[in-house]
Amino acid sequence: MWCLPSVRPNVSEMFKCSSLRRFHSPVLKQPTSARFSTTFSSESSPYLPPLFSVAPMMEWTDNHYRTLARIITKHAWLYTEMIAAQTLVHQQTNLDRFLAFSPQQHPIVLQLGGSNVESLAKAAKLSHPYGYDEINLNCGCPSPKVAGHGCFGVSLMLNPKLVGEAMSAIADNTNVPVTVKCRIGVDDHDSYDELCDFVYKVSTLSPTRHFIVHSRKALLGGISPADNRRIPPLKYEYYYALVRDFPDLRFTINGGITSISKVNAALREGAYGVMVGRAAYNNPWQTLGLVDTAVYGVPSSGLTRRQVLEQYQVYADSVLGTQGNGRPNVRDLVKPLLNIFHSENGNSLWKRKADAAFKECKTVGSLLEESLKAIPDSVLDSPISESPESGEDDVFANVHNVLPPPYKAVEQVMLCA
């Protein structure tokens, strides 16, 4: 099941681009002029563009969740959990534990965390044989463990020159695109011009051409990551101003987008892509299940939840205990499934039955057989709706009327700091 994918998996005839597959030869450094090109062609990837991506979430977007997500949606871009670069450097004899994934998970992005340029470069080189489609640097995590003592995550936004150097080092050790995930500011460094300075410096000093922007600033005064998703106000106008002021770059919007209706509203207003986090985990059926049809406009797979669970169970039971010390165990593998019946009849009873079954069941198949009796057949055997529910407020409707003044890049600003 786990492999080092040296070639891309097959894609549908509609999107086949076999002549452009990348990992046929060892990584080669590109000329500086080529790496810093600002043009973008959809032909650079055999996959559809990242109109919808699932945010990297620690302890959530692991291999098991990503396997479930890929069964439900064939075209959403998936991200790993953040992996510290130092971890890969110090675990070179155990890289599969951190980097291996099944080829069905493409398109998939590796998110790295760290502030040491040398370690980030080594981590990028170590990840290359695994065939990730992009490498992303975390410049947005507000956790005190990361941004505080770790001196990376969102605290990197205060040092754009270092980020530019890190992104160049990562790019020099891979042949896939490199991207940055960031916030719109940090503490009192929250003006639109300061955000633009960050984007301008990083994109000028490195081949970074794609930024994923969480449209809240981060507060580093000891508040929790959960509060950092709630207390700082969303400023979508900053995101759309970036789209206006940096036409040669690409920006994905993130933060507060909890439904496919909002995803499509953001795209209608000119977003290059939309990243969704907890909604994709807490309600995967009504979120991921609509991505292919409602966002990408491709025919529905027609899968029912029963069929999704059958496919996932085959995977889950094949990897039980393969990492040693009994891990992953049944509980690890069932965790991504716990929200698949969100707000459906029988959901609460199913969770209680599943919790009780953990004590006795030795396989995921036996647990599902025992617990799914709580879910009506009408729920298990109904395919996903092909269109999202309407009626939600369009939070982006007037965003272009409140944009900050245009940014004027000052070359001297980039050269200092």
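The side chain of Ser203 has a polar atom 2.7 Å from the backbone oxygen of Val199, a polar contact (a pair of N or O atoms within 3.5 Å; within protein, one must be able to donate a hydrogen and the other to accept it, and residues adjacent in sequence count only if both atoms are side-chain atoms). The model is predicted, so local features need pLDDT of at least 70 and side-chain atom pairs count only at pLDDT 80 or more, while totals for chains, interfaces and linings use all residues. Residues are numbered from 1 along each chain as its sequence is written, and side-chain values use heavy atoms, with hydrogens and water left out.

Ser203 belongs to helix 8; helices here are DSSP runs of H or I with at least four residues, numbered from the N terminus. Ser203 is buried because its relative accessible area is 8%, where buried means under 20%, exposed over 50% and partly exposed in between (1.4 Å probe, protein chains only). Leaving aside residues up to four places away in sequence, Ser203 touches Thr208, Arg209, Phe211 and Leu249, a contact being heavy atoms within 4.5 Å.

A nonpolar core is a set of buried Ala, Val, Leu, Ile, Met, Phe, Trp, Tyr and Cys residues joined through side-chain atoms within 4.5 Å. The largest one holds 122 residues, and Phe52, Phe198 and Ile253 touch the most other members. Helix 8 (residues 192-205) gives this core its largest share, 7 residues. Beyond four places in sequence, the contacts of Phe198 include Cys139, Leu156, Met157 and Phe211.

What about helix 2 (residues 63-72)? It is largely enclosed by the rest of the structure, because 10 of its 10 residues are buried. Val243, by contrast, is partly exposed, with a relative accessible area of 29%. This residue sits in helix 10 (residues 236-245) and touches Phe251 and Gly270, not counting residues up to four places away in sequence. Val243 and Gly270 are 27 residues apart in sequence, and their C-alpha atoms are 7.9 Å apart in space.

Finally, helix 14 (residues 305-319) and helix 17 (residues 364-371) have axes that come within 8 Å and cross at roughly 145°. Axes are lines fitted to C-alpha atoms, for helices over the stretch in contact, and angles run from 0 to 180 degrees between N-to-C directions. Helix 14 contributes Leu309, Gln313, Ala316 and Asp317 to the contact, and helix 17 contributes Val364, Gly365 and Leu368.

Technical notes:
Helices (H or I, at least four residues) and strands (E, at least two) are DSSP runs, numbered from the N terminus.
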